Amino acid sequence: MGPALLVFGVVGVGLVVAASSRRRSTSAGKLPGVESKAPGDLYGPFRERLDRLLGDLHAAGFKPRIRATWRSPERQAAYKASGWSKVDRSFHEVTGPDGARESLAADVYDARWGPDDPRQAPFYRALLSRSGAHGLTTGGAWTSAKWPNDPAKALGWDPGHVEPDSNVSIDEAHDGERPWTL
Ligand SMILES: [Zn+2]
């Protein structure tokens with residue numbers, strides 16, 4: 001390949017990569033509804049407990065980061081339709097009586113790797129084992145299916161999902177019950 005062809009080849013590959021990443025972000029943006037990663041969209045007492053849990057993990061050498069807090073019912077329906085979520089309603093869509101966002105769940109991961117990277121397994125295991133001390137639990141405890149990326153296959157299917165360890169069900173939370181008072 002001569003120099004001119006080589007330059008064309010490199011530029012051509014660059015354009016293809018740019019076009020495909022644009023397509024990906026455009027299609028993700030077309031999912032209906034909204035999803036936030038703002039800690040302010042969490043129910044206050046849940047946020048306090050999550051902060052302490054993530055502080056524990058930070059002190060243990062992990063790099064915890066929140067990737068999702070509140071999501072709208074339309075977004076949850078889209079996740080269910082895609083097969084990524086298995087439920088019609090979750091703790092993520094909870095709102096207060098005035099419609100204010102009061103999510104009782106957050107999705108977290110170690111910022112060094114993507115959420116589905118097998119290297120997350122030690123982080124997700126630590127997240128689960130330390131959550132109970134703060135009144136929380138994680139999708140790593142769910143037994144309906146395993147997270148496929150853990151070499152030991154020891155974690156439930158959504159190990160980065162944190163929610164209250166309480167008797168308040170998802171439906172009750174949507175009806176206004178809370179595991180802790182403000
Ligand atoms: Zn979640």
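Modeller: Start with helix H2. Its buried residues pack against strand S1 (64-68), S2, helix H4 (121-131), S3 and S4. Keep in mind that this is a predicted model.

Colleague: Which residues are buried in H2?

Modeller: Phe46, Arg49, Leu50, Leu53 and Leu54 are buried there. Seen down the axis of H2, they fall within an arc of 130 degrees, so they line one face of the helix.

Colleague: And which ones are exposed on the other side of H2?

Modeller: Gly55, His58 and Ala59.

Colleague: How far apart are the end C-alpha atoms of H2?

Modeller: They are 23 Å apart. H2 covers residues 44-59, which is 16 residues, and at 1.5 Å a residue they should span 22 Å, so the two values agree.

Colleague: What about glycine 61, after H2: what is its phi?

Modeller: Positive, near 100 degrees.

Colleague: How many bridges does S4 have with S3?

Modeller: S3 (residues 136-139) pairs with S4 over 4 bridges, in the antiparallel sense. Glycine 139 stands opposite aspartate 158 in S4.

Colleague: And how many bridges join S2 to S4?

Modeller: There are 2 bridges, and S2 (residues 106-110) runs antiparallel to S4.

Terms used: Residues numbered from 1 in each chain as written. Predicted model: local features only at pLDDT ≥ 70, side-chain atom pairs only at ≥ 80, totals over all residues. Pairing = 2+ DSSP bridges. Expected span 1.5 Å × (residues − 1). Buried ≥ 20, exposed ≤ 12 C-beta atoms within 10 Å, placed from the backbone. Arc of directions from axis to C-beta. Contact = placed C-beta atoms within 7 Å.
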